[in-house]
Amino acid sequence: MANPKTPITELDFDSIKNQLKTYLQTQTQFKDYNFEGSNMSALLDVLSFNTFQNNFYTNMTMNEMFLDSAVLKNSIVSHAKELNYIPRSRKSAKATVRVTITDENATDSTVVIPQYSTFTANYQGELFTFVTNQTYVARRTAPSVYTADSIDIFEGSMLASFQREGFIVDGDGVLRVQLTNDEVDTDSVVVFVDAEETEDRNVFTRANTIYGVKPDDKVFYLEPYLDNRYAVYFGKNEFGLQPEEFEDVRVRYRICSGELANGASAFSASFIEGATIAITTLTAAAGGLERESMESIRYFAPKSLAVQERAVTTKDYEVLLQQAFPDITAVSAYGGEELDPPQFGRVAISVYLDAETTLISSTLANTYINYLAEKSPLGIEPIFVQTKFIYADIIADIVYTNKSTEKSKDEIEALVRSQISNYSSTTLEDFNTKLRGSKLAAQLDSVDTAVLSTGLTLMPIIDWSPQINIRETPIFRFETELVKPYPFREATGFKEYKPAVKSTPFDIDGTCVYLQDDGLGNLMFIVDDITNPSVFKPKVGTIDYTKGLITLNTVLVEAFDGSSVKIMVRPKENTIKAAQGRVFIIRDEDVQVNMILDEKPVAGTTTSSAAIGTLTSSTNSNSY
């Protein structure tokens, strides 16, 4: 019997062997035995290996039994299947193009662009194939010239096979057709039953749930299989029509390259013999994705069970959209009663893809809404609201020393800017986020040992792009309390006055002005003259300092520089919250870094007034 004091917690080979030696040494017959360099050592190796193997097998078995601890993808997929979650396959990159066909032999008013017409693109030295997923019609726009707008093409090639040509049928009474290619885009799967290879009849369409499915409905279901593959199965005449054993099952699907084709924009085609085809790219290829990662499956599978393909709460809308469209970085869903004006009975949806995509196309927006419409409660209508953004004007005063680093001032500034950019991408760039000055300052302090301290001035910015020569009444909601300044008096002028709101210049009534408040809750237009500013128009709007609400009266803007007018405010706190439906982003153009060298004066000397001016006169052209 083993000595109860002998530990039994070791798992690695050497530790197990040492445990066995320790145990045998407690026995009188092996008390002074030399276990090294003997036959006993070989026996201990065998026992240790057997114990180690059992430990590994038991550990792996227990790990793979649970979704949280499983390390093999097949095990994770199997657990996700129990939760009725289908891991994402590869997704084809999609581009939108305009096709112009010149065909001297064509006499009809239209030319048909067949389904699965092929396009090619040479991108980054690699040739990609794109196909249409439906039939399009090009209409005559000039003699022998036909044009079709907004044609969606998807990266990949179409495959079609029969069950008897390699598909597997399970023997459990349920026909399962295994898709043998692991590069399938599951969005493209179509099933044909008892149809010849050249025919597209008796089509079965995909169903995601059994709700509302009748026994004779021609639907199929998709489930994850082993090794990144999928299987098609049917409803067994209870939740959909079950094909008979003698009927052939043909599955057509698209295989794709995932994210490799993202960015392709130069396309060519020759799907009509004898015609010249010109392709104009409206939207470059985007949205291509690799298979869902194990960690993503582990995260979303339990949440999918909670949602169960139904959108009831705002969180349901967000989870469903991100699950169905993984290229979405963030989603904000909120009740229509929060819109201005309120729209009761509606759910507003805003989507953020990336920092480069500030405007979602109507085609993509309709795709999101159509997907959610089928999952929304009766009487609730999802509507799409273009995502708005809030930015931050940042003045970073970096006090540094050159005594503890070999880096130059410019190198330290580059590190600071890089850290600010990293903070934006990792902490912000989402809905309902906060820019916390203290945390950002702490991160900037740690970029290099040369940084002694960081002083930050933060001001939120909303970009306003007024329509030229069109009257409008804009409202800007910062939803943060602002500093209320002392009332402005023309007698004392603008030099010492610190307004709560200010804008970049724009032209009205033939005069270049900027926006500013008067400290009494009113907005003014100020003539943009550095040497002699003056009030051009008083009381052109109102400002609520508590709510951070700015409302302009009807205004007609004649011109402005750049892509927008920047509206900037001074918040009361050094923490800025993104307003409802806005994504927070820090742009490098809004960041000013002042590098201040810490030079302690030598005893008996004084700091010059010029040096003091250097420390205190740093200003941002966008600030006030």
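Is R98 buried, exposed or partly exposed? Hi everyone, let me start there. R98 is partly exposed, with a relative accessible area of 28%. Please keep in mind that what you see is a predicted model.

So what does R98 pair with? R98 forms a salt bridge with D149, and the closest N and O atoms are 2.5 Å apart. D149 sits in strand β6, residues 145-155, while R98 belongs to strand β1, so this pair ties together parts that are 51 residues apart in sequence. D149 is partly exposed too, at 46% relative accessibility.

Let's move to a second pair, D185 and R254. Their side chains meet in a salt bridge, 3.1 Å from N to O. Here D185 comes from strand β9, residues 184-193, and R254 from strand β13, so the link joins parts 69 residues apart in sequence. Both D185 and R254 are buried.

Now please turn to S92, which touches both of those residues. You'll find S92 in the loop between α3 (73-82) and β1 (94-102). S92 has a relative accessible area of 7%, so it counts as buried. Its side chain makes a polar contact with the side chain of R254, at 2.8 Å. A polar atom of the S92 side chain also lies 2.7 Å from the backbone oxygen of E155. Leaving aside residues up to four places away in sequence, the contacts of S92 also include F154, C256, G287 and G288.

E318 pairs with K315, with the closest N and O atoms 4.0 Å apart. The two are three residues apart in helix α5, residues 314-324, which means that about one helical turn separates them. E318 is buried at 15% relative accessibility, whereas K315 is exposed at 53%. Elsewhere, salt bridges with shared partners join D463, K566, R587, E589 and D590 into one network. And how many salt bridges are there by this rule? The count comes to 20.

Finally, a look at the surface. I210, Y211 and F239 form a nonpolar patch there, with about 320 Å² of accessible area together. F239 lies in the loop between β12 (230-233) and β13 (249-255). F239 is partly exposed, with a relative accessible area of 35%.

Conventions
Residues are numbered from 1 along each chain as its sequence is written. This is a predicted model: local features need pLDDT of at least 70, side-chain atom pairs count only at pLDDT 80 or more; totals for chains, interfaces and linings use all residues. Side-chain values use heavy atoms; hydrogens and water are left out. Helices (H or I, at least four residues) and strands (E, at least two) are DSSP runs, numbered from the N terminus. Buried means under 20% relative accessible area, exposed over 50%, partly exposed in between (1.4 Å probe, protein chains only). A polar contact is a pair of N or O atoms within 3.5 Å; within protein, one must be able to donate a hydrogen and the other to accept it, and residues adjacent in sequence count only if both atoms are side-chain atoms. Contact means heavy atoms within 4.5 Å. Patches are made of residues with over 30% relative accessible area and no salt bridge: like charges are joined within 9 Å, nonpolar side chains (Val, Leu, Ile, Met, Phe, Trp, Tyr) within 5 Å. Accessible areas come from the Shrake-Rupley method with a 1.4 Å probe; for residues, only the protein chains shown count as cover.
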